[in-house]
Amino acid sequence: GRCAWRKSGTGKSDMLNETIIVGVCGAGAMGAGIAQVAAQAGHKVVVLDQNDEALERGRAVVAKGAEALLKRGKISEDEAKALNARVEWTTDVAALGDCGLIIEAIIERADAKQGLFAKLEEATGGRAVLATNTSSLSVTSLAASLKRPKAFMGLHFFNPAPVMKLVEVVCGMETDQALADEALKLMEGWGKVAVKARDVPGFIVNRVARPYYGEGWRAFEEGAADPASLDFLYRDLAGFRMGPFELGDLIGHDINTAAAKSVYDSYFGRTRFVPSLAQGQLAAAGMLGRKTGKGVYDYSEGASAPAPAFADGVDKPSATVRLSSGAEALKALLAAAGVPYAEDKALPAGYAELDGVLIGFTCGRTASDLRAEFGKRFALIDWVRDAKSASALGLAGCCNGARKAGLAFAALCGKKAIILKDRPGLVVFRTLLQLANCAGDAVRDLVADAESIDRAMINGVNYPFGPMAWAKEFGFARVVAALDAIADETGEALYRPSEALRALARNE
């Protein structure tokens, strides 16, 4: 039956529950996916689109999803039939009149969405909660023309909706907080990881994730290594499922560039979100990635698969590695390969010595800068998540001799090596620092709390760990010191630590 927007005697809304009829506007991949999720949770669902062809495509998407669940043993044949039967497909907006929650998933144009919302308010008599699946438009702005902005919010699903766990529940300036809390519980009842986000450009994920692309492209633009090698390092060293270049090819460089520009412009040019010139050139040239057959990589028939450029093999040195105190990460690399070492407390803390070269993990400074200060040759290693599982090391040195010693150390550890440009923070470590920096900004700006941000990044874009949890484990003081070192070396304010990170560092 009809659901009136109401509040109980406790002052809490009691509208969004497991018995409501759910409306979905838009029968494309996202809308059909949301419809499947709601129907799978037991709701009757009404899907609206402008034409019958779109509805038939949407119906096929849901049927295919139900069939996939059946094949995986998640549901029975009867349950698959019931799932399909719970979804009604229509071109008549009046058919959504009894819906208690309506989720819009149409074109990303404010005028089109607001025109639809006006029709939905009329069709439901103001009794339904309206939600937008927008990823780039302001929820507050979309609500401006509504008669009941308090009963409007963002429910941002990630594609494909039946697979991706995250839903960002976005509160506009006038969204009723009790309704938003009910939406959180409803989404959790649908099997989702739901997090509440403030209405800011990019919400949580599309804001915090910008450095993953930006730092990857910047490393390429500065000649740190070729794209295939960089993508490999992100996967192998940190555990990301895809590197920024292959991910950009998959998403489409037109879409990714537009998203970067949108966030940058929406924040009035805040430097942490600066788009990539090189990616913009790809988009302008129509080299959009997989969908055009060429982007960073060539996808045409017969093209060679991209491969990382490993350094030529180096014989293991006969000299014994000397290890200072505080070099636990280096010790883990050596122990994983069963390599003996001699402890030497005279060495700088956190470093190994091999063939007269000090070898250590990057701390944000360059090997050349360290050599200038200490008068010794340095080789630096990019951050490694797990000493055993990583198959290679990313290395930089202040000179050829230092790089050769770094390669010898990698060989001792049983690892391949990719030579990187000697730049502050190298590649993976610098990216992780900037992800933590953006997450810290989001905490400061009250977009969401640290735990919600981490949950969003893990479940929305499949990050191997949350940026705030990573910063805490690494040490907030070390994160702040490394960011300051990068800012000093590059002269760019975008690397200065977030106030939130500085505050956490002071309280460690």
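Analyst: Let's start with a word you'll need: a residue is buried when its relative accessible area is under 20%, exposed when over 50%, and partly exposed in between (1.4 Å probe, protein chains only). What you're looking at is a predicted model, where local features need pLDDT of at least 70, side-chain atom pairs count only at pLDDT 80 or more, and totals for chains, interfaces and linings use all residues. Residues are numbered from 1 along each chain as its sequence is written, and side-chain values use heavy atoms, leaving out hydrogens and water.

User: Where does Leu-166 sit?

Analyst: Look in strand 7, which covers residues 166-171. Strands (E, at least two residues) and helices (H or I, at least four) are DSSP runs numbered from the N terminus. The chain has 20 helices and 15 strands. Its C-alpha atoms fill a box of roughly 80 × 55 × 45 Å along the principal axes.

User: And how do I read a salt bridge?

Analyst: Side chains of opposite charge can pair when their charged atoms come close. The rule asks for a side-chain nitrogen of Lys or Arg within 4 Å of a carboxyl oxygen of Asp or Glu, and the count by that rule is 26.

User: Are Glu-215 and Arg-430 buried or exposed?

Analyst: Glu-215 is buried, at 5% relative accessibility, and Arg-430 is buried too, at 1%.

User: What separates Asp-441 and Arg-444 in helix 16?

Analyst: About one helical turn, because they are three residues apart in that helix. Their side chains form a salt bridge at 3.5 Å, N to O. Asp-441 is buried, with 2% relative accessible area, while Arg-444 is partly exposed at 31%.

User: Which pair could I look at next, with a bridge of 3.0 Å?

Analyst: Go for Asp-484 and Arg-502, bridged at 3.0 Å, N to O. That pair links distant parts of the chain, with Asp-484 in helix 19 (residues 476-490) and Arg-502 in helix 20 (residues 499-506), 18 residues apart. Asp-484 counts as buried at 18%, and Arg-502 as partly exposed at 30%. There's a network to find as well: salt bridges with shared partners join Arg-207, Arg-270, Arg-272, Asp-441, Arg-444, Asp-445 and Glu-499.
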